[in-house]
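Hi,

Here is the structure I promised to pass on. My notes on it follow below, with the cut-offs spelled out as they come up.

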Amino acid sequence: MNGLEFLLAALALYFLAYLPARILFHDRNGSPSIADALIYLLAGWAILAVLSMVFAKFSWTPELSATIPGLVVIVGFARYRTKVFLFESYTGPSVGVIIIGLAAISMPLVATVMMGMGVYPKVFFGFETPYYLYHAHALSEFNQYPPPNLGFFDLTYEGTYHHGTSAMASILSRLSGLPVHKSMFLFLMPVILISTLCAASRIVQKVAGVPGWIGLLIIFFPLILEPELVIGIFTDPRWA
């Protein structure tokens with residue numbers, strides 16, 4: 001991966017995804033925890049993707065959608081100064097939550113990293129994964145929405161289901177120059193996996209009233225041993 005593209009992607013996510021969501025949704029008098037920050041990152045990225053599709057719908061360059069979160073950051077910094085860059089330093093997940101969380105996402109995380117390596121994916125895990133990537137490429141290549149080559153599945157009710165995550169990968173690729181498959185598999189999917197764990201931990205703690213590690217174990221136990229991923233990663237990827 002080109003180091004400059006990697007850096008630009010990280011900066012784009014921080015300034016155009018995380019910071020706008022943090023400014024809009026977090027208590028101005030407090031600082032977010034790391035878990036909150038990851039949730040804001042995913043939410044802000046999703047908002048940026050929606051804005052890019054709205055711009056494309058009007059045949060405007062999707063990259064111009066970055067001006068809106070950029071303005072939010074400028075206004076937020078002008079009002080709150082350095083507070084927008086602070087994190088809580090005194091809270092953290094328990095050891096149990098970390099162990100269960102890592103176990104829950106380990107197999108999908110290994111799979112997505114494998115798909116993101118190289119100049120093109122050498123293997124796909126999941127029947128619909130190439131279709132997601134296909135949509136992301138189409139959204140990256142045309143300044144209109146929907147693009148003219150989204151495939152025959154888009155003639156059915158299933159068509160619009162895939163545009164959200166594909167648009168998230170597409171706009172990061174447009175803004176940073178990253179290849180689309182790296183944007184999707186090395187950035188988007190890990191963020192989704194980790195932020196999902198953070199959101200689940202928050203929900204369990206606030207709603208269920210049980211220790212976080214117990215809630216995560218109940219929610220994510222089916223993911224810890226995913227037979228198809230185990231077979232695909234350690235034996236023959238064609239089975240995945």
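Predicted model: local features only at pLDDT ≥ 70, side-chain atom pairs only at ≥ 80, totals over all residues.

Residues are numbered from 1 along each chain as its sequence is written, and side-chain values use heavy atoms, with hydrogens and water left out.

Back to that pair: the axes of α2 (residues 34-57) and α6 (residues 163-176) come within 8 Å and cross at roughly 85 degrees. Axes here are lines fitted to C-alpha atoms, for helices over the stretch in contact, with angles running from 0 to 180 degrees between N-to-C directions. On the α2 side the contact (heavy atoms within 4.5 Å) includes Leu42, Trp45 and Met53, and on the α6 side His163, Ile171 and Leu175 are among the residues met. The contact divides into 11 nonpolar residues, three polar and no charged; Ala, Val, Leu, Ile, Met, Phe, Trp, Tyr, Cys and Pro count as nonpolar, Asp, Glu, Lys and Arg as charged, and the others, Gly among them, as polar.

Helix α2 also crosses α1 (residues 3-25): their axes come within 7 Å at roughly 105 degrees, and α1 and α2 are therefore roughly perpendicular to each other. Arg22 and Phe25 are among the α1 residues in this contact, and Tyr40 and Trp45 among those of α2. Its residues divide into 12 nonpolar, one polar and one charged.

For the chain overall, the secondary structure comes to nine helices and zero strands, where helices (H or I, at least four residues) and strands (E, at least two) are DSSP runs numbered from the N terminus. In α5, Tyr131, His135 and Leu139 are among the buried residues.

One for your backbone checks: which residue has a positive phi although it is not a glycine? It is serine 59, at about 65 degrees, found in the loop between α2 and α3 (67-80). At 53% relative accessibility, serine 59 counts as exposed.

Best wishes

Terms used. Parallel < 35°, antiparallel > 145°, perpendicular 65-115°, else oblique. Buried < 20%, exposed > 50% of the residue type's maximum accessible area, 1.4 Å probe, protein only.
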